[in-house]
Amino acid sequence: QVQLVESGGGSVQAGGSLRLSCAASGRTFGTVGMGWFRQAPGKEREFVVALKRSGENSYYGDSLKGRFTISRYNVKNMVYLQMNSLKPEDTAVYYCAVSEDSFCTVYGCYDETKYDYWGQGTQVTVSS
């Protein structure tokens, strides 16, 4: 059974930074594809970034590139999402997810239907 636990969310003013963490058990991030998604109130879930099995990131959602950075720490089987220059429109619940789809593990996927396991989410609130 795969379990994902996000942490690191909170409240920050516009222009600030947060680092989200995703801890996995039951799978090693080096064997699966991984992604971060977010969902703002009243909106559909939105793709943020995908991480290939190799550890190379692929796909950043539009408007996020240059502000958000994904990284992986293999020793602790953790993935991080560093978020800088935060804007009020970044306010959302952020989810990490794992995909065992063969294509997604190699190339990364932005399609949430390709992800098999999800964490419970962590709230990020950015005030102006």
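Residues are numbered from 1 along each chain as its sequence is written. Because the model is predicted, local features need pLDDT of at least 70 and side-chain atom pairs count only at pLDDT 80 or more, while totals for chains, interfaces and linings use all residues, and side-chain values use heavy atoms, with hydrogens and water left out.

**Disulfides**

- Strands (E, at least two residues) and helices (H or I, at least four residues) are DSSP runs, numbered from the N terminus.
- The torsion about the S-S bond of Cys 22 and Cys 96 is about 65°, so this disulfide is right-handed.
- Cys 22 has a relative accessibility of 0% and counts as buried, and Cys 96 is also buried at 0%, where buried means under 20% relative accessible area, exposed over 50% and partly exposed in between, with a 1.4 Å probe and protein chains only.
- A disulfide also joins Cys 104 to Cys 109, S to S 1.9 Å; with -90° about the S-S bond, this link is left-handed, and both cysteines are buried.

**Strands and their pairing**

- An open sheet is formed by 4 strands in the order S1-S3-S8-S7, with antiparallel pairing, and its edge strands, S1 (3-7) and S7 (68-73), each pair on one side only.
- Two strands pair if DSSP finds at least two bridges between them; S3 and strand S8 (residues 78-83) pair in the antiparallel sense over 6 bridges, and in S8 the bridge partner of Cys 22 is Val 79.
- Strand S11 (residues 122-127) has a covered face made of Thr 122, Val 124 and Val 126, and an uncovered face made of Gln 123, Thr 125 and Ser 127.
- Strand S2 (residues 10-13) runs parallel to S11 and is joined to it by 4 bridges, with Ser 127 as the bridge partner of Gln 13.
- S9 and S11 run antiparallel and are joined by 3 bridges, and Ala 92 stands opposite Val 124 in S11.

**A buried loop residue**

- Lys 52 lies in the loop between strand S5 (46-51) and strand S6 (57-60), and at 14% relative accessibility Lys 52 counts as buried.
- Not counting residues up to four places away in sequence, Lys 52 touches several residues, among them Val 32, Arg 72 and Tyr 107, contact meaning heavy atoms within 4.5 Å.

**Salt bridges**

- The count comes to 6 salt bridges, a salt bridge being a side-chain nitrogen of Lys or Arg within 4 Å of a carboxyl oxygen of Asp or Glu.
- Arg 38 and Glu 46 meet in one of them, at 2.8 Å from N to O; Arg 38 is buried at 5%, whereas Glu 46 is partly exposed at 33%.
- The side chains of Arg 67 and Asp 90 also meet in a salt bridge at 2.8 Å, N to O, with Arg 67 buried at 9% and Asp 90 buried at 0%.
- Salt bridges that share partners join Arg 38, Glu 46, Arg 67 and Asp 90 into one network.

How values were computed. A disulfide is a pair of cysteine sulfur atoms within 2.5 Å.
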